[in-house]
Amino acid sequence: MSTEQPLERAAAEAAAASRQSDQYALVLAAVQAAQLMQQQTHPPVCQHHHSPQQSAPVGKWIAMGVVGSVAAISLALSAIAVAVGAVAVTCCLLVLRSMWRAESRRRR
């Protein structure tokens, strides 16, 4: 009987070890599956070199603003010059017309 107890105990321990190894295999498979799922959710890492992003070209916008302002001022000055010229021509025509009428009356 003394030989049966250690033999039975060894058989029970072997069966327990077998169950534990099956549980260990299941846990290991679950961990590996979680790792695979985590790898799939992350986008692949880019391997080529990206140059650093440059800020917006502020100087370009400032230059465009200055050029636009200069163009607007020169257009306004041109309009003023045309208006002054029109007034001058009108005054000259009125003076010449009055001189023409005066000369016409004197000849009669």
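Val89 lies in helix α2, which spans residues 58-107. Helices (H or I, at least four residues) and strands (E, at least two) are taken as DSSP runs and numbered from the N terminus. The model is a predicted one, in which local features need pLDDT of at least 70 and side-chain atom pairs count only at pLDDT 80 or more, while totals for chains, interfaces and linings use all residues. Residues are numbered from 1 along each chain as its sequence is written, and side-chain values use heavy atoms, with hydrogens and water left out.

**Overall form**

The protein has two helices and zero strands. Its accessible surface comes to about 10400 Å², and carbon and sulfur atoms account for 67% of this area. Accessible areas come from the Shrake-Rupley method with a 1.4 Å probe; for residues, only the protein chains shown count as cover. Of the 108 residues in the protein, 0% are buried. A residue is called buried under 20% relative accessible area, exposed over 50%, and partly exposed in between (1.4 Å probe, protein chains only).

**Surface patches**

Patches are made of residues with over 30% relative accessible area and no salt bridge; like charges are joined within 9 Å, and nonpolar side chains (Val, Leu, Ile, Met, Phe, Trp, Tyr) within 5 Å.

A patch of positive charge is formed on the surface by Arg97, Arg101, Arg105 and Arg108. Lys and Arg count as positive and Asp and Glu as negative, whereas His and the chain ends are not counted. The place of a charge is taken as NZ of Lys, CZ of Arg, CG of Asp or CD of Glu. Arg108 is located in the segment after α2, and its relative accessible area of 86% makes this residue exposed.

**Salt bridges**

Side chains of opposite charge can pair when their charged atoms come close. A salt bridge is a side-chain nitrogen of Lys or Arg within 4 Å of a carboxyl oxygen of Asp or Glu. The protein has two salt bridges by this rule, as listed below.

| Salt bridge | N to O distance |
|---|---|
| Glu103 and Arg106 | 3.2 Å |
| Glu103 and Arg107 | 3.8 Å |

Salt bridges that share partners join Glu103, Arg106 and Arg107 into one network. Glu103 and Arg106 are three residues apart in helix α2, so about one helical turn separates them. Glu103 and Arg107 are four residues apart in helix α2, again about one turn of the helix. Glu103 is partly exposed, at 33% relative accessibility. Arg106 is exposed at 67%, and Arg107 is exposed at 70%.

**Cysteines**

A disulfide is a covalent bond between the sulfur atoms of two cysteines. Here the rule requires a pair of cysteine sulfur atoms within 2.5 Å, and the count comes to zero disulfides. Cys91 is partly exposed, with 45% relative accessibility, and Cys92 is partly exposed, with 48%.
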